[in-house]
Amino acid sequence: IAGINALNDGKGFGVRSGATEARFFFKLNFTSVTYEPGEMETDGRAKAMELFPKLDMIVGMGDKCSDGDGELVEFAEIADGVNKMYFTTRGPSAILKSEPLKKHFF
């Protein structure tokens with residue numbers, strides 16, 4: 001996070017839109033929230049419902065790497081429900097392609 005925010009003389013990472021020379025700069029903030037194993041339906045879901053609407057994007061991780069990664073899918077559905085992008089660092093790609101497709105799931 002610090003490295004990204006230090007880019008471009010401390011302005012953060014730059015983004016250009018279209019053919020213009022104008023650049024917009026973004027900095028990142030990081031929030032980490034945890035819950036005890038087996039507490040997804042109680043504590044985990046409640047924390048996600050409270051936090052996700054306040055964020056611009058969510059970088060999540062599931063509980064295992066299998067096609068049936070239920071927690072990853074549940075968090076993606078919560079993020080989708082509040083129109084937030086949900087990025088996962090774990091596979092498999094079958095999760096990304098499963099119905100119903102999540103429009104904000106990467």
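This is a predicted model: local features need pLDDT of at least 70, side-chain atom pairs count only at pLDDT 80 or more; totals for chains, interfaces and linings use all residues.
1. A residue is called buried under 20% relative accessible area, exposed over 50%, and partly exposed in between.

2. Now the overall plan. The chain has 4 helices and 4 strands. Along the sequence they follow the pattern α-β-β-α-β-α-β-α. There are 106 residues in the chain, and 25% of them are buried.

3. Look next at helix α2, residues 40-51. Asp 43 and Lys 47 both lie in α2. They sit 4 residues apart, which is about one turn of the helix. Their side chains meet in a salt bridge, with 3.1 Å from N to O. Side chains of opposite charge can pair when their charged atoms come close.

4. Helix α2 also holds Glu 41 and Arg 45, again 4 residues apart. Their side chains form a salt bridge at 3.3 Å, N to O. Glu 41 is exposed because its relative accessibility is 51%. Arg 45 has 27%, so Arg 45 counts as partly exposed.

5. The structure holds 4 salt bridges. One of them joins the side chains of Glu 50 and Lys 54, at 3.9 Å from N to O. Glu 50 is exposed, with 55% relative accessible area. Lys 54 is exposed as well, at 61%.

6. Lys 84 deserves a separate look. Lys 84 is in the loop between α3 (70-81) and β4 (85-88). Lys 84 is buried, yet has no salt bridge. The nearest side chain of opposite charge is Asp 56, 5.0 Å away. A salt bridge needs a nitrogen of Lys or Arg within 4 Å of a carboxyl oxygen of Asp or Glu. What does a polar atom of the Lys 84 side chain lie 2.8 Å from? It lies at that distance from the backbone oxygen of Leu 55.

7. β4 pairs with strand β3 (residues 57-60) in the parallel sense, over 4 bridges. Met 57 has Met 85 of β4 as its bridge partner. The two faces of β4 contrast: Tyr 86 and Thr 88 make up the covered face, while Met 85 and Phe 87 make up the uncovered one.

8. Helix α1 spans residues 2-10, and Asn 5 belongs to it. Is Asn 5 buried or exposed? Asn 5 is buried, because its relative accessible area is 16%. A polar atom of its side chain lies 2.6 Å from the backbone nitrogen of Leu 28.

9. Check the backbone in α1 too. Most residues other than glycine have a negative phi. Asn 8, in α1, has a positive phi near 55 degrees. Asp 9, also in α1, has a positive phi near 55 degrees as well. Asn 8 is partly exposed, at 29% relative accessible area. Asp 9 is exposed, at 82%.

10. Last, the surface. Val 15, Phe 24 and Phe 26 form a nonpolar patch there. Together they have about 270 Å² of accessible area. Phe 24 lies in strand β2, residues 23-26. Phe 24 is at 48% relative accessibility, so Phe 24 counts as partly exposed.

How values were computed:
Residues are numbered from 1 along each chain as its sequence is written. Side-chain values use heavy atoms; hydrogens and water are left out. Patches are made of residues with over 30% relative accessible area and no salt bridge: like charges are joined within 9 Å, nonpolar side chains (Val, Leu, Ile, Met, Phe, Trp, Tyr) within 5 Å. Accessible areas come from the Shrake-Rupley method with a 1.4 Å probe; for residues, only the protein chains shown count as cover. Buried means under 20% relative accessible area, exposed over 50%, partly exposed in between (1.4 Å probe, protein chains only). Lys and Arg count as positive and Asp and Glu as negative; His and the chain ends are not counted. A polar contact is a pair of N or O atoms within 3.5 Å; within protein, one must be able to donate a hydrogen and the other to accept it, and residues adjacent in sequence count only if both atoms are side-chain atoms. Two strands pair if DSSP finds at least two bridges between them.
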